[in-house]
Amino acid sequence: MKRLLRLPSLLRFTLVFLIALVFQNCTEQKIKESTDETLNITDYLRDTEEYSMFSELLEITNYAPFMNTYGTYTLFLPTNDAMKEYLKDVGAASLKDVPVADLQNIVKLHILNQKINTTAFTDGKIATPSLYGQFLVTGATNKNGESSTTVNKTASILKSNVEVGNGVIHVIDKVLRVADKTLAQTIEQDTSLSLFTEALKITGWYDVLNKPIDYTTNDIESYLTVLAQNNDAFKAAGINNIEELKAKYSHLHEPLNPKDSLNLFVSYRILPKLQYLADIAISPALVTKAPLEVISAKLDKDVILLNEEVFNGVLEKGVAIVREKSDLTASNGVLHFAEANFAIKKRLPAPVYFDFCDQNEFRQLTSVFRIPGAAPKTSLAKSLFKDVTWDGNDPITYFKDAARGGTVGFGWHGDCLELLQFRDGRVQNIAFKTPVIIKGKYKVWISYRAQTTKVGLVKVFFDGVELPRQINFLEFVNTSSIPERVLESQGYKRHVQPTSSKMNCRLVGTIDVTVTGRHTLTLQSQSAFTGQTWLDVAEFRPVDMDQLYPKFDSGGDGFAPLP
Amino acid sequence: MQTKIKTILAIFTLFIAATSCDDYLDLRPQDGIIREEFWKTKEDIQAAVIGMYSSLLNSPPGVSDFPMSQYLFMHGELRGDMIAPGLNATEDQRDIMNSNIMASNDLTNWAIFYRTINYCNTIIDLAPAVREKDPTLTQVQLNHFLSEALAIRAYLYFTLARTFKDVPLKLTATLTDEDNFQLPVSPQKDVFAQVIKDLKLAEGYAVQDYGNNDSNKGRITVYAINAMLTDVYLWNDNFQEAFDAADKVIKSGKFDLIKVSNNTWFNTVYAKGNSIESIFEFQYSKTNLGPFYNIFFQRHQFLASATVLEDVFGVDFTNPANKDIRGDRTSLVAGTNEIYKFTGENNDTRKELQGADTHWFVYRYADVLLMQAEALAELNRGSEALTIIEEVRLKREAIDMTAETIATDNKKEVIDYILAERSRELAFEGKRWFDMLRNARRNNYARLDILIDGAILSAPADQQQSIIAKLKDSNSHYLPINTYELYTNKALVQNPFYK
């Protein structure tokens, strides 16, 4: 010890340093360089024994490297049991016995190019097609009290939303199969649709429905949707065979002619685009292959009803879709079943009187709506309205006065819709959904309460097409002795009875409504109005109807008695 | 010299050694009191009990979850059929409304419940020892405090079991880090049994009257306990017991329904609170505001669904004066569908933001009356059940449009009528989904149609069928255990529906 202490200080220092080094361990410090250790899809599969067969499938089809790249994928992953069942189905002993092309299609059907969690699933198709090109359909079923989410109706999801490095995996209990039959083949195969098949054949639509989709172009537009009806539905309508069907519908006796009623009968059931029930449930009108004919759809509780409409106050019962059998995927579209026979309704143009205030949202204000003496003005915000939209964030106002009094009490129902400042940034391009208008030619009259100042010209658009005349909200009604027919020829009229000097009505143009249904009427202010704009009624009168009479009862609910 | 240095060194070492254990090396929190210094007097217990109540109002500083009342609202209403998402509804809230629930959904976080349960457990565990230290604390006083903690804990477990089905039962205080946090879940029926046991015990200890109205409505009384008992018994299908418990509240003569009149009734019962109709309320005040002004009005997350006004309260299109006072401008605002119950001053004017102190109503007298009616209906005493409904309707001047004439022996219709009346009376008070579920699950889900009809009414059209199919699985009626909990507590097993 003493000798140690006698060593020169430099040496002593070195010794201490060396001892310190000896005690300090010499192992390399481990620095974690990766921030994330989540496996990518292929590695995840290699890691998990239960999915070895799908992993093998990826290797055989050479998709394994691809599924290990970074990206956002969704994989529907069949378990080994599911794969074995698939092999049994196709009669192969192992995956190597199945043609590689088939396997590739199978793999492509199980992969989507986007990350989709189960929360995004609906009752219908997943918005992104599979890599194969076909859409997958989701839903849910209940078996023995246990519910699970399903894919393509048959496969149940066993384990959902497994996050991996390059997407998400849903484990399923059955291999998804490529739909290889066309719509025509699917329909023909179902014996209960024999009469419908015959109708397709004699009208030539069979070939259209038999045309396969070219998946490489990924053209959603060329998919078709068919609303079929079985023989029982025909029988219930008194049609037992193809001859009776022809006799009932084919008025030209040449079913191949697109103008023949039987041809229209069939084309009315064929809808463009791929529309699963979930899509139908949320679209109010379905365009059909029959020129300019639409089917209206509505969800009543849990039943989808086709063509249930109220016309002139009469409820026309609709036809329900058979849920259990529908949503049948074919290679080029989807097949649904209607419960009963339905056909194109022939309707003549009828006038539509659209009170701008008659919005459901205002109607719910029972203490105000059309109640004289209640709060005269009630404003509701933009987000509340279902059938009215506009640019800008100002609310719009329901304005009611005592009948034939006040400011707007002379209008129909004694109320008007008030736009406080009809201009850019406040309320602009206000668009109303009209009630159902039957196809035909109509004259459009718009009536309003005029102002002496601070308002101006307004353009009117029907379904986005500008109508020839503008409305000048400064213009009051002409109460001179000029006969009304003369005024009418100038595009003006006195729309309420007794005539009020405050209200005016302007013919904005003639429209050709090509499709029966609800349309859009848009008003656009041409300058920065600082005064209120008061809208009363929009009249759609068929061109061959009297454009003056019947007149509205000023301040009241009905029509004024005819002179 | 050497010896001197050695001596000095020795003295110095001794000095350090002798003094080093002094306080200044002891670490104690500077902003709080440690347990050893608390729990000494009855005032300490009182402070802990009040702390437990205030944890029901708002979360402690630094914790970012929602207030308890908002969770109670969301768990009780979102899955029902009377709510629609507002402009500021979060994705998680929308997913729950659409039965699109995953374990990663933040609203399935139950931390707030267990936080308050731990406050209760701490009182239950540590308060009895205070009696040895503070001779002025009587056994009766101690029992009062214990009844409050037991009842609050029971109510929270009751809510957890109604929301999550099987949940971990932690009945002892978490005092150190060495506690076992890896608790498995207990089956729902065991949780209910524990809740009943706790409430029975609490009832024996409970206070009848604190001497002032605010405490009587804001703290646990024997009546609040019996209201809770009625509720739990109904969930357990013990109808006679439910009837008896409700009877104790009703026969006490301390509660009544106030005759409705424009503005005053709303102002008394809801805006001011603590009225004769109320049994237990969370006492928000102007200095401790609730979340309602924000979530229902300013940045509204929730709206009444579009069908509520017409289908629940009824609308007389011919005579606007003929309306159910509990509907327009009480529960909601017609037209905008804003939920108004918790933000209004009276039927005409809304409260100001700074003054929006409306309470959260846990139990009201009408609730107990209608629960008793439910027990009566299940005991095949339909006519008595109808009498109660009629009594409520008469006091509330319900309109004829929502009146139903039904055969008293038709249990299904009587129950439906009670449910409809409850949806009017207790709209948006965090009851609807639990009412639907409680009645649906009875007799092995004999009335599953209640839930399915609700879904048909409120589900988005393109998901309706999936939602119905999901609801047919009884496990889907309960929320999943949050992913985070599963991660930290390996003893938990996820609800099989949320695989």
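## Two domains in chain B

The C-alpha centres of domain 1 and domain 2 of chain B sit 32 Å apart. Domain 1 of chain B covers 2-65 + 110-258, and domain 2 of chain B covers 259-427; bounds like these come from an automatic or database domain assignment. Keep in mind that this is a predicted model, in which local features need pLDDT of at least 70, side-chain atom pairs count only at pLDDT 80 or more, and totals for chains, interfaces and linings use all residues. As for labels, residues are numbered from 1 along each chain as its sequence is written, while chains are lettered from A and ligands numbered from 1 in the order in which they are written.

Where the two domains meet, 25 residues of domain 1 of chain B are in contact with 30 residues of domain 2 of chain B (contact means C-beta atoms, placed from the backbone, within 7 Å). Helices here are DSSP runs of H or I with at least four residues, strands are runs of E with at least two, and both are numbered from the N terminus. H10(B) gives the most to that side, with seven residues. By class, the domain 1 side has 16 nonpolar, five polar and four charged residues. In this scheme Ala, Val, Leu, Ile, Met, Phe, Trp, Tyr, Cys and Pro count as nonpolar, Asp, Glu, Lys and Arg as charged, and the others, Gly among them, as polar.

## Nonpolar cores

The largest nonpolar core has 175 residues, and B:Ala151 and B:Met228 touch the most other members. A core of this kind is a set of buried Ala, Val, Leu, Ile, Met, Phe, Trp, Tyr and Cys residues joined through C-beta atoms within 7 Å. Buried means 20 or more other C-beta atoms within 10 Å of a residue's own, with 12 or fewer counting as exposed and anything in between as partly exposed; the C-beta atoms are placed from the backbone. Helix H6 (residues 139-164) of chain B supplies the largest share of this core, 14 residues.

Leaving aside neighbours within four places in sequence, B:Met228 is in contact with B:Ala151, B:Ala154, B:Tyr155, B:Phe158 and B:Leu199. Apart from this core lies another one of 82 residues, including A:Ile106, A:Ile157, A:Val175 and A:Ile239.

## A buried threonine in a loop

B:Thr343 lies in the loop between strand S5 (338-339) and strand S6 (360-364) of chain B. It has 25 C-beta neighbours inside 10 Å, so B:Thr343 counts as buried. Beyond neighbours within four places in sequence, the contacts of B:Thr343 include B:Phe292, B:Tyr293, B:Phe296 and B:Phe297, along with B:Arg350 and B:Lys351.

Chain A splits into domain 1 (41-172), domain 2 (183-338) and domain 3 (352-553). The centres of domain 2 and domain 3 of chain A, taken over C-alpha atoms, are separated by 39 Å. Six residues of domain 2 of chain A are in contact with seven residues of domain 3 of chain A, and the domain 2 side divides into four nonpolar, one polar and one charged.

Now for strand S6 (residues 167-172) of chain A: six of its six residues are buried, so S6(A) is largely enclosed by the rest of the structure. Strand S1 (residues 73-78) of chain A runs parallel to S6(A), joined by six bridges, with A:Tyr73 opposite A:Gly167. Two strands pair if DSSP finds at least two bridges between them. Strand S5 (residues 155-164) of chain A pairs with S6(A) in the antiparallel sense over five bridges; here A:Val162 stands opposite A:Ile169. A hairpin of two residues joins S5(A) to S6(A).

## A four-stranded sheet in chain A

An open sheet with mixed pairing has the strand order S8-S7-S16-S15 (chain A). S8 (270-272) and S15 (328-330) of chain A stand at the edges with a single partner strand each, so one side of each is left without a neighbour in the sheet. Strand S7 (residues 224-228) and strand S16 (residues 333-337) of chain A pair in the parallel sense over five bridges, and A:Val226 stands opposite A:Leu335.

## Where the chains meet

Between the chains, 31 residues of chain A are in contact with 28 residues of chain B. The elements giving two or more residues to the chain A side are strand S3 (138-143), strand S4 (146-151), S5 and helix H13 (277-282) of chain A. That side divides into 11 nonpolar, 14 polar and six charged residues.
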